Amino acid sequence: MPEQQQKQQETLPPQHQERRPGLEPEMHPQPEVIGKSYRPAGKLQGKAALITGGDSGIGQAVAVLFAKEGADVAIVYLNEHQDAQKTRQLVEQEGRRCLTLSGDLGDSSFCKQAVQQVVDQLGKLDILVNNAGEQHPQESIEKISDAQLERTFRTNIFAMFYMVRAALPHLKPGSAIINTTSVTAYKGSPELLDYSASKGAILAFTRSLSQALVEKGIRVNGVAPGPIWTPLIPSTFSAEHVKRFGADTPMKRPGQPDEVAPCYVFLASDDSSYISGQVLHPNGGEEVGG
């Protein structure tokens, strides 16, 4: 392969993290989460939002933009305390409150406790962003253990059921639920069979829940990101894979978290008041159906 062609295919420095979930400070370059060119307009003034997986990546960028738009924010994360503190710092720099809650979203009792803490400390809950997820690439279905299969679905889709079930008594007309699915729900991925299947389940969950809650005045939508540069990537893929991450998109690069976060602002705000059961696709130009 000519050297120039190989260079064009390399999008990131090769790197890998052994620890899962990954950590943002160990990534190079650092993901872009602040949205420097973003111009807030008070779209979420006085709102309270709960974001799962809000410690880094897309969740962190969403927390920052929500704060810029006037919302107080609670983030739920597993054990990435340093990343969570950075999110808290960024939210507080915008003059908003940030509650950080550490625990396993695959545990329904923790989800119930987390929602109650948000309501107790922030006074209400207007927006629920189900964003946390995990993936474990395998070369074939034979390599996917029962434990991995259950873990992937427990984190990626069971947790959404648990969070919505706990949050629903506190949501009112005008509230919004936003679920993070993935481009893999539409295109598939041979090395992410269980992950892709769980993301497809999120798509069906989003559409069904939107119909179930429309009469309550609660809108439910989704976001299906393509390849986005977050700690999930170096912690689950090889250095060789990371080196060309996002190169197969029409834009020939991975996206940044702050290129995805405005989708969540739109779906959380009254700008999308006539939209429910739909999915936005920040994916670098991929054409997907459904």
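Q: In this predicted model, how far apart in helix α3 are Glu-92 and Arg-88?
A: Glu-92 and Arg-88 are 4 residues apart in helix α3, so about one helical turn separates them. Their side chains meet in a salt bridge, at 3.2 Å from N to O. Glu-92 is partly exposed at 40% relative accessibility, and Arg-88 is partly exposed at 31%.

Q: How many salt bridges does the structure hold?
A: There are 14. One of them joins Asp-271 to Lys-43, with 2.5 Å between N and O. Asp-271 sits in the loop between α10 and β7 and Lys-43 in the loop between α1 and β1, so this pair ties together parts 228 residues apart in sequence.

Q: Which parts does the pair Lys-68 and Glu-94 tie together?
A: The closest N and O atoms of this salt bridge are 3.3 Å apart. Lys-68 belongs to helix α2 and Glu-94 to the loop between α3 and β3, so the linked parts are 26 residues apart in sequence.

Q: What is a disulfide, and how many are found here?
A: A disulfide is a covalent bond between the sulfur atoms of two cysteines. A search of the whole structure finds 0. For Cys-111, the nearest cysteine sulfur is that of Cys-98, 18 Å away. Cys-111 is buried, with a relative accessible area of 0%.

Note on methods. Residues are numbered from 1 along each chain as its sequence is written. This is a predicted model: local features need pLDDT of at least 70, side-chain atom pairs count only at pLDDT 80 or more; totals for chains, interfaces and linings use all residues. Side-chain values use heavy atoms; hydrogens and water are left out. A disulfide is a pair of cysteine sulfur atoms within 2.5 Å. Buried means under 20% relative accessible area, exposed over 50%, partly exposed in between (1.4 Å probe, protein chains only). A salt bridge is a side-chain nitrogen of Lys or Arg within 4 Å of a carboxyl oxygen of Asp or Glu. Helices (H or I, at least four residues) and strands (E, at least two) are DSSP runs, numbered from the N terminus.
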